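Here is a short briefing to read alongside the model on your screen. Take a look at the structure, then walk through the notes below.

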Amino acid sequence: MDAANIIIPHLPWIIGGALTIGAAGTFGWIHTTRLKIKHGYPLEGMWGQSLKPSNGGQTAERVRLLTQENAELRAELGSMKDRMANVERIVTDSGYQLTSEIESLRIDSKPEEHA
């Protein structure tokens, strides 16, 4: 059998597959670039050089502000953990249980006093 007789009947599938793979690669490249722009990642040129955003003052200022905000949030989280530990200690403390039992006895005894 001749090679042309084998390839020619499958030529539409070969061309279609090649076009599909090429279109998927192009779409993936466009989508990746769109996500980089959306989330502020630097874009790269053909040889890996940075195009946008530059590593200038805006980026440094943004990193500084985010670092400061991160430190503030970590401090707030630490204080919230301390407060939660205090609340857990109060709730699990036996004195709190005793107080809640006394209050429940007071509530139970009040209707009987007025009857």
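Of the 115 residues in the protein chain of this predicted model, 1% count as buried, where buried means under 20% relative accessible area, exposed means over 50% and partly exposed lies in between (1.4 Å probe, protein chains only). The accessible surface of the chain comes to about 10,600 Å², and 64% of that belongs to carbon and sulfur atoms; these areas come from the Shrake-Rupley method with a 1.4 Å probe, and for residues only the protein chains shown count as cover.

**How to read the model**

- Residues are numbered from 1 along each chain as its sequence is written, and side-chain values use heavy atoms, with hydrogens and water left out.
- As this is a predicted model, local features need pLDDT of at least 70 and side-chain atom pairs count only at pLDDT 80 or more, while totals for chains, interfaces and linings use all residues.
- The protein chain has a mean pLDDT of 84, and 89% of its residues reach 70 or more; pLDDT is the predictor's confidence in each residue, from 0 to 100.
- Where pLDDT is low, the predicted coordinates should not be read in detail.

**Overall layout**

- The protein chain holds 4 helices and 2 strands, which are DSSP runs numbered from the N terminus (helices: H or I, at least four residues; strands: E, at least two).
- Followed along the sequence, these elements give the pattern α-α-β-β-α-α.

**Helix H2**

- With 29 residues, H2 reaches 42 Å from its first C-alpha to its last, close to the 42 Å expected at 1.5 Å a residue; the expected span is 1.5 Å times one less than the number of residues.
- After H2 comes Gly 40, which has a positive phi near 80°.

**A nonpolar patch**

- Met 1, Ile 6, Ile 7, Leu 11, Ile 14, Ile 15 and Leu 19 make a nonpolar surface patch of about 750 Å².
- Two or more residues of this patch come from each of helix H1 (3-7) and H2, and H2 gives the most, with 4 residues.
- Patches are made of residues with over 30% relative accessible area and no salt bridge, with like charges joined within 9 Å and nonpolar side chains (Val, Leu, Ile, Met, Phe, Trp, Tyr) within 5 Å.
- Leu 19 has its place in helix H2 and counts as exposed because its relative accessibility is 60%.

**Salt bridges**

- The structure has 2 salt bridges, each defined as a side-chain nitrogen of Lys or Arg within 4 Å of a carboxyl oxygen of Asp or Glu.
- In one of them, the side chains of Arg 64 and Glu 61 meet at 2.6 Å, N to O.
- Both Arg 64 and Glu 61 lie in helix H3 (residues 57-92), 3 residues apart, about one turn of the helix.
- Arg 64 is partly exposed, with a relative accessible area of 45%, and Glu 61 is partly exposed at 36% relative accessibility.
- Arg 106 forms a salt bridge with Glu 103, and their closest N and O atoms are 3.0 Å apart.
- Helix H4 (residues 94-114) holds both Arg 106 and Glu 103, 3 residues apart, about one turn of the helix.
- Arg 106 has a relative accessible area of 47%, so it counts as partly exposed, and Glu 103 is partly exposed with 37%.
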